[in-house]
Structure formats: structure tokens, C-alpha cells
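Take a look at the model below. We will start with a pocket and then move on to a core.

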Amino acid sequence: MHDFEGDQTYSEKPGHLFTLNATFSKIKAKDYDALVIPGGRAPEYIRLNEKVINIVQQLAQADKPIASICHGAQLLGGCYPGKNMFSLSNAGT
């Protein structure tokens with residue numbers, strides 16, 4: 001999470017203090033009813049993980065609800081062919 005310090009400077013801080021109980025390699029898209037992709041810096045990194053992209057695409061193909069906040073839209077590239085979308089300039093298509 002970003003925290004502003006002063007007028008123009010921000011620093012990155014931990015976004016949560018809970019224990020993670022799943023890994024992308026063990027997630028099965030069929031076990032989920034929906035997906036929320038939060039914003040922040042994480043999407044910039046996890047969009048490089050092919051397993052993450054496959055999970056998102058499987059949920060989209062299954063017509064499951066997907067909510068994307070801010071930078072989260074970077075994970076939606078290629079999920080909705082023929083649909084117009086907008087995102088950050090460095091998101092895939």
C-alpha cells in the first residue's frame with residue numbers, strides 16, 4: 001500500500017498483517033464464484049505469473065463476476081475479446 005509522506009513523496013508499506021493460506025499454483029478457478037482484484041502494486045508483479053493469468057481467464061470464460069480496482073485491470077488483458085476496455089497504458093491486451 002502507498003503512504004504519502006510530505007508533499008510529493010510516497011513509500012510502500014505492508015498492505016496486510018494476515019497469514020496467506022493459498023498459493024497460485026494450488027488454486028483451481030472452478031472452486032471460486034467470483035474474483036476481486038485489488039489495486040496497488042501487486043497486479044504489476046503478479047500479471048507476469050502465467051498461472052495467475054490462467055486463473056483470471058478461466059473465471060472470465062466461465063462468466064464469473066470479476067471486479068477490478070485501479071491497477072487490477074492489468075490482469076484482464078485478453079479476458080474479454082471483442083469488448084472495449086480501458087486501463088493503464090502498460091496493461092496487456
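The largest pocket is lined by 33 residues, and Leu20, Phe24, Pro38, Ala42 and Ile46 lie nearest its centre. On a 1 Å grid over the protein atoms alone, a pocket is an open set of points where a 1.4 Å probe fits, with protein on both sides within 12 Å along at least five of seven lines; lining residues have an atom within 4 Å of a point. The lining divides into 22 nonpolar, 8 polar and 3 charged residues. Here Ala, Val, Leu, Ile, Met, Phe, Trp, Tyr, Cys and Pro count as nonpolar, Asp, Glu, Lys and Arg as charged, and the others, Gly among them, as polar.

This is a predicted model: local features need pLDDT of at least 70, side-chain atom pairs count only at pLDDT 80 or more, and totals for chains, interfaces and linings use all residues. Residues are numbered from 1 along each chain as its sequence is written, and side-chain values use heavy atoms, without hydrogens and water.

Now find phenylalanine 24. Leaving aside neighbours within four places in sequence, phenylalanine 24 is in contact (heavy atoms within 4.5 Å) with Ile46, Asn49, Lys51, Val52 and Ile55.

Next comes the core. The largest nonpolar core has 13 residues, and Leu35, Ile37, Ile55, Val56, Leu59 and Leu75 touch the most other members. Such a core is a set of buried (under 20% relative accessible area, 1.4 Å probe, protein chains only) Ala, Val, Leu, Ile, Met, Phe, Trp, Tyr and Cys residues joined through side-chain atoms within 4.5 Å.

Definitions and conventions: Buried means under 20% relative accessible area, exposed over 50%, partly exposed in between (1.4 Å probe, protein chains only).
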